[in-house]
Amino acid sequence: MTASQIIFYILSAFILGTAVLSVTTNKIFRSAIWLLFSLIGIAGLYFWLKVEFIAAVQIVVYVGGIVVLIIFSIFLTQQAGKEMPKPPIVRSVASVLAVLFGFALSYFLIYKNEFKAGDKPFDWSVHKIGNQMLATGENGYALPFEVVSILLLAAMVGCIVIAIKSKPEEKNG
Amino acid sequence: MAEIPLSHILFVTTALFFIGMYGLFTRRNMITMLMSVELILNSVNINFVVFNKYLYPDKLDGVFFTIFIITIAAAEAAVAIAIIINLYRSHRSIDVETAEEMKW
């Protein structure tokens, strides 16, 4: 077993372990922190795959943005140390069964499928990504890029409109 | 790199996807449900990158899909948290069971 394999298995165990803790722990703040560790592990997996650009985007957007946003909203909406009520035992057992069945089915299909590996080396660079992102011809991503920028603008305006404090006289009416 | 077969990486992402599904099934708090959705989206992202790298190494489409999914996930999380905070203001709770008056 080479060092690369050992690193992969350690990273996988870290990601899955922290993800399980994140969905099962009863304190919501701990849940957010476990999610943070899981996302950092996923960024490590991208580093292991040698796509450093995606790893950097993962760290900047997920770890630096979304998790901070989630922690903020936890502080704004409830007591961080309070325990959440446990789910009823029937629901837990049914969920575990459903999830195990789904996992078994999906992994069976993946295992039986023969993937034809490409033979060329994987060469990406930020230069290539940027060129293709703004290309308008074949294989260009200029249109989705513009659509996503409009979506971000709409989401920003929408957030402000939804979360803005309404005036007291409007509230009653 | 080549010594890890593709199916091992897909095992990890499938497991991550179904861990997120488990969270979505059992949790009733909106913020924790949002966290489960983030786990699911991350497993899909890893899948895109891995398929791109292992199966179609001469193209870059998987990387582009991952970038767009990350962008949309950020927008989705922001809108969801705005909705959650607004709901908390009117109901003093972010449990999905208490927010049922729009159901019928």
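Me: What makes helix α4 of chain A and helix α1 of chain B roughly antiparallel to each other?

Reply: Take the angle. The axes of α4 (residues 89-112) of chain A and α1 (residues 6-26) of chain B cross at roughly 155° and come within 9 Å. Axes are lines fitted to C-alpha atoms, for helices over the stretch in contact, with angles from 0 to 180 degrees between N-to-C directions. Over 145 degrees counts as roughly antiparallel, under 35 as roughly parallel, 65 to 115 as roughly perpendicular and the rest as oblique. Therefore α4(A) and α1(B) are roughly antiparallel. This is a predicted model: local features need pLDDT of at least 70, side-chain atom pairs count only at pLDDT 80 or more, and totals for chains, interfaces and linings use all residues. Residues are numbered from 1 along each chain as its sequence is written, and chains are lettered from A and ligands numbered from 1 in the order in which they are written.

Me: Which residues make the contact of α4(A) with α1(B)?

Reply: Residues are in contact if their C-beta atoms, placed from the backbone, lie within 7 Å. From α4(A) they include A:Val99, A:Phe103 and A:Tyr107. From α1(B) they include B:Leu10, B:Phe18 and B:Phe25. By class there are 14 nonpolar, 7 polar and 1 charged. Ala, Val, Leu, Ile, Met, Phe, Trp, Tyr, Cys and Pro count as nonpolar, Asp, Glu, Lys and Arg as charged, and the others, Gly among them, as polar.

Me: Why are α1(A) and α1(B) called roughly parallel?

Reply: Their axes cross at roughly 5° and come within 9 Å. That angle makes α1(A) roughly parallel to α1(B). Among the residues that meet are A:Leu16 and A:Val20 of α1(A), and B:Leu16 and B:Ile19 of α1(B). This contact has 10 nonpolar, 2 polar and no charged residues.

Me: How many residues does each chain give to the whole contact?

Reply: Chain A gives 69 and chain B gives 58. On the side of chain A, 47 are nonpolar, 18 polar and 4 charged.

Me: How does the radius of gyration of chain B stand against that of a compact globule?

Reply: Chain B has 17 Å, while a compact globule of 104 residues would be near 13 Å. The radius is taken over C-alpha atoms, and the globule rule is 2.2 Å times the number of residues to the power 0.38. The C-alpha atoms of chain B fill a box of roughly 55 × 25 × 25 Å along the principal axes.

Me: What pattern does chain B follow along the sequence?

Reply: It reads α-α-α, with 3 helices and 0 strands. Helices (H or I, at least four residues) and strands (E, at least two) are DSSP runs, numbered from the N terminus.

Key:
Two residues are in contact if their C-beta atoms, placed from the backbone, lie within 7 Å.
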